[in-house]
Amino acid sequence: MALIEQAHPLLPLLNLRELEDSVVDPSTKGLPFGTAGLRLRDIGAQGWNMLAGDLPLPLAILKRDVLKANSRWMSLFAAENGLVVAPHGKTTMAPQLFQRQIADGAWAITVATVQQLEVCRRFGVQRIILANQPIGAQSVDACFRALQQDSACELYCLADTEQGTALLAEGARRNPPPAENPVRVLVEIGFTGGRTGARTRKDALAVARSVADTPGLVLAGFECFEGLLPDAASADGLIDEVAAIAAVANDEGLLSPGAPMVLSAGGSAFFDRVGERLGAVSFDRPLLRVLRSGCYLTHDAMGYAAAFHRIVADTTLRLPPGGLEPALEVWAYVQSRPESGRTILTMGKRDVSYDSGLPVPVRWYRPGGMMDRPEPMPRGHVVVALNDQHCHLGTPGESLLQVGDMVGFGIGHPCTTFDKWSLLMVVDEDYRVVDAVKTFF
């Protein structure tokens, strides 16, 4: 496959033959009109070039060389700072991109739902973190049945209340896992106003003791999600609390003797804080310091870009050469310039994320041979609104844009752009299509 160079991963590479041989639905957004009978693996051989007008816009693209560089950069960062990466697969839900991350040494793939867990299992991911407390018999039973069906599967899930642990215990009684392969539980530590997670040390330790006493479960460690916190100092406080609770559990002997303890955090916006704070932790047992960042692979042009600038300026950790750059763009045509100061483009809420800020126009191109390649978007062009299928671009009076021009947008929050596309084109530096990635939302 065009995206992958052979490496020596901690997980075995996935079996993607079935996926690559699948015939792409001709009604898929992003395919040229009339495309039929085309296998996924053959898309890169069609000779398509976005700038030549071979593909309809709007179009979501992934820049192949930037993807590779971002994946490698994070792999090196983790290795140099005593971390392992379990990238959050919910960001992309693309097994072909999981393959890229596994090839660069991912320790596990993280998911948020049982459906996402099943996507991982379908393509052969053998170590999975379900970064949620499973609720309801369907979801709980799925965890144990996965272990019954596949002896090579290693599954971690979260618990943050004794009631949640009781649901897992009932699932273990209904579907006893293999004695040598129980469900591994990470106790989740939260914060006031946050999402899930035990709010007090007392509650967290009660959950840990309950897990340790439950047949079919094993206490594997402690984790948190710090991504909603407002600043690095707040993230430090939460990560330090995870370490403090883990120290008590270790002293109480709640984990299996000699077994490694997993200490984990989200790590997209604050991966430096995760590395620095967990790097200072030491117990009388092996530690696995796990980053679950999912957004590093494509990065973005907004929130995560700003976070990365802070990391570069503030961190004491070793940073590899280079850095993270945006690999995901959405392109649209200029459709109309109906009034002074406003340009309408063929892209809307159904095509691009807007929950973390409106997209940013980063480059433009005029088809027809007048430009050799896209040029940076001049200052003064700002997205002011999105409708379902239209983008309202605030436009200065001297703007060169005209109907038929192409505009490429940087995005914020990759998760909510990926889920709008079942197929994303992978392009080289000249915007030639070299591959395509299928998602499973």
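Let's start inside the fold: T110 is buried, with a relative accessible area of 0%. Buried here means under 20% relative accessible area, with exposed meaning over 50% and partly exposed lying in between (1.4 Å probe, protein chains only). Before going further, please keep in mind that this is a predicted model, in which local features need pLDDT of at least 70, side-chain atom pairs count only at pLDDT 80 or more, and totals for chains, interfaces and linings use all residues. Residues are numbered from 1 along each chain as its sequence is written, and side-chain values use heavy atoms, with hydrogens and water left out.

T110 sits in strand β3; helices (H or I, at least four residues) and strands (E, at least two) are DSSP runs, numbered from the N terminus. Leaving aside residues up to four places away in sequence, T110 touches A86, P87, H88, G89, K90, I129, A131 and R292, where contact means heavy atoms within 4.5 Å.

The buried residues of α4 (residues 114–122) are Q116, L117, V119, C120 and R121. As a reminder for reading such a pattern, an α-helix has 3.6 residues a turn, so residues three or four places apart point the same way. Just after α4, G124 takes a positive phi of about 95°.

Now step back to the whole chain. The domain assignment gives domain 1 (16–63 + 324–438) and domain 2 (65–303), with bounds that come from an automatic or database domain assignment. The C-alpha centres of domain 1 and domain 2 lie 34 Å apart. Their contact takes 27 residues from domain 1 and 25 residues from domain 2.

How much area do the two domains bury between them? Domain 1 and domain 2 bury about 2300 Å², 68% of it on carbon and sulfur atoms; buried area is the accessible area (1.4 Å probe) that two parts lose on being put together, summed over both. In domain 1, L16, L324 and F418 lose the most area to domain 2, together 29% of what that side buries.

The count between the domains is one salt bridge, meaning a side-chain nitrogen of Lys or Arg within 4 Å of a carboxyl oxygen of Asp or Glu. R122 forms a salt bridge with E18, and their closest N and O atoms are 3.0 Å apart. On the side of domain 1 that touches domain 2, α1 (17–21), β1 (59–63), α11 (415–418) and β18 (433–438) each supply at least two residues. Of the elements on that side, β18 gives the most, with four residues.

Most residues other than glycine have a negative phi, and most peptide bonds are trans. A cis peptide bond joins L57 and P58, with omega about 15°, and P58 is placed in the loop between α1 and β1. H299, in the loop between β9 (287–291) and α10 (303–314), has a positive phi near 55° and counts as buried at 5% relative accessibility. H413 lies in the loop between β16 (406–410) and α11; its phi is also positive, near 55°, and at 19% relative accessibility H413 counts as buried.
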